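Let's take a look at some ring contacts and a bit of helix packing. Have the model open alongside as you read.

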Amino acid sequence: MAPRARPAPAPPRSASTGPRPGSVGCRSPDHRQDAPSFRAGRNGGRAVNHDCPFWLDGFCATAYRCRVYPTPEQVVVLSRTFGCVRVVWNRTLAARRARYRAEGRSTSYAETDRALTEMKKQPDLAFLGEVSSVPLQQTLRHQHTAITAFFQKRARYPRYKSRHGRQSASFTRSAFRMRGGNLSLGKTPGVLRFVWSWPDVDVTALDPTMVTVCRDPDGRWFVTFAVDVAAPAAPEPTGQVVGVDLGLTDFAVLSTGERIPHPRHMERRERRLKRYQRMMARRQKGSANRAKAKRKVARAHSRVRDARRDFLHQQSTTLVRRFATIAVEDLAVANMVRNRSLAKAISRTGWAEFRTLLTYKAHRDGRTLAVVDRWYPSSKTCSACGYLLATLSLGTRHWSCPGCGIRHDRDVNAAKNIAVAAGLVETQNACGADVRHEGPPSVRSAVNQEPQPARVGIPRV
């Protein structure tokens with residue numbers, strides 16, 4: 001069993017929804033921290049809702065991500081667009097920081113928009129007028145949203161964009177044309193060829209509100225269509241409840257006793273990845289051979305990322321379809337990776353992304369997702385009688401309860417207690433505690449409801 005970090009209410013990948021009017025303050029934190037840039041639909045060929053979806057008049061915002069195969073002429077134009085987006089982002093971010101340090105004043109979106117107009121008039125930045133102006137305006141909106149998220153404590157301060165990472169440019173309806181399933185972008189020659197992977201969705205009837213073209217470090221191109229779709233029909237109610245305990249030995253253990261084995265994608269590909277990294281280290285910096293080796297390393301990482309994301313989608317979809325109510329722990333992943341012995345294994349599991357997928361899928365299908373407090377002692381509490389152990393080492397996988405004598409599997413017992421703490425099932429143990437409720441808390445801690453004598457150590461079995 002392992003604790004976990006609460007994901008931000010509006011993570012960076014939904015930052016493309018546009019800026020809020022008004023000015024935003026700008027203190028001077030370290031710009032080297034991660035930037036909450038737009039990441040809509042990065043799941044490699046899946047239709048995904050935003051992380052915090054909202055139904056509006058029966059419609060939901062959804063993104064379709066497809067592979068793109070641009071022509072050499074289109075590659076030149078899109079690469080130039082990516083470069084202009086980086087220039088606008090970096091110069092605007094630097095101006096924000098410099099203004100706050102010198103004057104102590106914030107910068108509003110309207111001021112950055114006027115600065116962009118002045119930027120285009122400078123002789124050394126005349127190339128900004130060679131690409132579509134919409135992606136440049138969109139990057140200002142994304143930066144404004146990122147700054148807003150930072151001051152609302154939902155994300156870290158945005159960082160400068162690099163030419164070596166993932167590149168992207170967003171086009172609104174005024175900068176692209178979608179007719180008969182053919183996509184054309186502003187100031188880009190020809191029709192952009194993409195592969196549609198959803199046979200049940202008519203691409204000719206697609207009416208996207210925004211199109212985002214991106215290039216991954218491994219050289220693959222993608223296009224993301226942001227559309228408003230009708231709310232899907234809710235699945236049949238099952239009436240079943242489940243507690244889910246995430247771990248490292250098994251990816252998840254359910255309160256029903258089922259175990260979801262850990263796929264260990266990175267472990268299976270780590271040997272090849274190390275070989276590619278050694279090959280890249282032997283290449284001369286700046287050479288064409290080093291660039292090829294670097295793409296191989298990036299492709300190896302992307303294979304692991306895609307396989308992990310596909311696994312998380314499958315498991316989260318299965319849980320949402322099977323159970324009407326799901327209880328999980330609020331794991332503090334960011335704090336757990338500080339353990340140098342477990343940081344590598346924890347970082348490879350994808351707990352935070354799994355929680356995000358469960359959140360939006362449960363919301364979409366009308367299911368209930370209960371989040372139990374991270375400090376609730378689910379492993380040390382007997383799920384039958386509520387007896388609480390004083391300590392329980394990580395190496396102890398089974399233990400017998402001194403109160404009732406039942407022998408527990410550590411993970412199954414924790415999953416049952418998670419369901420109990422969420423108030424989903426009734427046992428002799430206290431229920432309905434240490435779970436996130438709307439409004440003021442109406443239940444006490446399970447430890448306060450069921451006082452038990454704490455004994456030092458674990459009973460010998």
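R65 has its charged end over the ring of F222, at 3.6 Å from the ring's centre. Keep in mind that this is a predicted model. There's another charge over a ring to look at: K161 lies over the face of W89, 4.4 Å from the ring centre. Here are the two side by side:

| Charged residue | Ring | Distance to ring centre |
|---|---|---|
| R65 | F222 | 3.6 Å |
| K161 | W89 | 4.4 Å |

Now for rings against rings. Searching the whole structure turns up ten aromatic pairs. One of them is Y64 with W196, a tilted pair with centres 5.3 Å apart and 45° between the planes. Are Y64 and W196 buried or exposed? Both are buried. They're also part of a cluster, in which ring pairs link Y64 and W196 with F194, W198 and F225.

On to the helices. α5 (residues 288–322) packs against α8 (residues 351–365) at an angle of about 40°, and their axes are 9 Å apart. Because of that angle, α5 counts as oblique to α8. The crossing of α5 past α8 is right-handed. So who touches whom? On the α5 side, the contact is made by R309, L312, H313, Q315, S316, T317, L319 and V320. From α8 come E353, F354, L357, L358, Y360, K361, A362 and D365.

Technical notes
Residues are numbered from 1 along each chain as its sequence is written. This is a predicted model: local features need pLDDT of at least 70, side-chain atom pairs count only at pLDDT 80 or more; totals for chains, interfaces and linings use all residues. Side-chain values use heavy atoms; hydrogens and water are left out. Rings of Phe, Tyr and Trp (its six-membered ring) pair if their centres lie within 6.5 Å; planes under 30 degrees apart count as stacked, over 60 as edge-to-face and the rest as tilted. Buried means under 20% relative accessible area, exposed over 50%, partly exposed in between (1.4 Å probe, protein chains only). A charge sits over a ring if NZ of Lys or CZ of Arg is within 6 Å of the ring centre and within 35 degrees of the ring normal. Axes are lines fitted to C-alpha atoms, for helices over the stretch in contact, and angles run from 0 to 180 degrees between N-to-C directions. Helices (H or I, at least four residues) and strands (E, at least two) are DSSP runs, numbered from the N terminus. Angles under 35 degrees count as roughly parallel, over 145 as roughly antiparallel, 65 to 115 as roughly perpendicular and the rest as oblique. A crossing is left-handed if the near helix is turned anticlockwise from the far one by less than a right angle, and right-handed if clockwise. Contact means heavy atoms within 4.5 Å.
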